[in-house]
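Hi,

Here is the model I promised to send over.

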Amino acid sequence: MLGVDLWIKRDDLTGFALGGNKGRKLEYLMAQAEDDGATVVVTCGAAQSNFIRQLGAACAMLGIRCVAAVMGLPYEPGYELPPSFPRPTLDARGNLLLDMILGVEVRTFPDGSWETLYAHAASIAADLRGAGERVYEIPVGGSSPLGAYAFLQAAAELNAGPFDAIVVPSSSGSTHVGLAHAFAGTATRIVGFACDPEPALRDDFAALAAALAEATGQRRGLSQEDIDLRYDAVGAGYGVPSHASREAIEWLARTEGVFLDPIYTGKAFAGLLGAIRGGEIGGRVLFWHTGGMPALFTA
Ligand SMILES: *Cc1c(COP(=O)(O)O)cnc(C)c1O
């Protein structure tokens, strides 16, 4: 029907705390937190963060406190939301409801830039240290080099290739960067559809790629050209639903019974459909389903 040989990698079904790509990163990050003897983990994200939900579960299981700085809707300074857009609610729905069940200590802040939120998380961490806690800080989305390493490892699971393209939703970058590392120098292209309009994303990804190359002792990191990151599916902003993503969500649900989420996978799948129609992506294609369905229940 689409004219391509489409496969889906079901990280939405990995099982841990309702699944999703963050579980892979957490296997490594939580091992490091434990090694460090952490008594509390501090992170930040959007209120509907899938990472905070899975992190909250991992922390609860290990008896480590989990403190998260969140805001309803991150946006770039000067960036205008469409007036008709319903403000994301900080009511306990979707992932936020699950965070409550898990006992995550959620600290909410007004909407603003990511940088402002990072600063709030850093000051929470400093306060906790001052109070005698042993703090392990995790960047937004778990995108430290260790998080990217998890996706370098994930590539080894694929045995239906070779693929002409692997398509992922991209935001904090470790999913995209880890896979791009794994397939560097092969015929498989990793195509990321940005779910965040931030123009500096590609620079952030290149920096993460350099850190991953160093950590794994590889001589050659990724160049900017190795990072195929596209902004054509992001719509009006991070977390702002788009018509194309709504259509993609309905289409895949009705043809395969597979649910996508409105913030990441719906947009990336819409981007993929556009790229197939435009003849930019074809052949054997893998869509990496990164999870995120709890956000479907927040609209
Ligand atoms: C976090 C997330 C992404 C983006 O992955 P990054 O590694 O942060 O780029 C994609 N999809 C879902 C469902 C996510 O929760």
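A residue counts as buried under 20% relative accessible area, exposed over 50% and partly exposed in between (1.4 Å probe, protein chains only). This is a predicted model, so local features need pLDDT of at least 70 and side-chain atom pairs pLDDT 80 or more, while totals for chains, interfaces and linings use all residues. Residues are numbered from 1 along each chain as its sequence is written, and side-chain values use heavy atoms, leaving out hydrogens and water.

On to the rings. Phe, Tyr and Trp (its six-membered ring) pair if their centres lie within 6.5 Å, with planes under 30 degrees apart called stacked, over 60 edge-to-face and the rest tilted. That gives seven aromatic pairs. One of them is Phe 151 with Trp 288, edge-to-face at 5.8 Å centre to centre and 65 degrees between the planes. Phe 151 sits in helix H5 and Trp 288 in strand S9, so this pair ties together parts 137 residues apart in sequence. (Helices, H or I of at least four residues, and strands, E of at least two, are DSSP runs numbered from the N terminus.) Both Phe 151 and Trp 288 are buried.

Phe 269 and Phe 287 have ring centres 5.0 Å apart and planes at 90 degrees, so they are edge-to-face too. Phe 269 is in helix H9 and Phe 287 in strand S9, 18 residues apart, and both are buried.

Ring pairs also join Trp 114, Tyr 238 and Tyr 264 into a cluster.

Cheers
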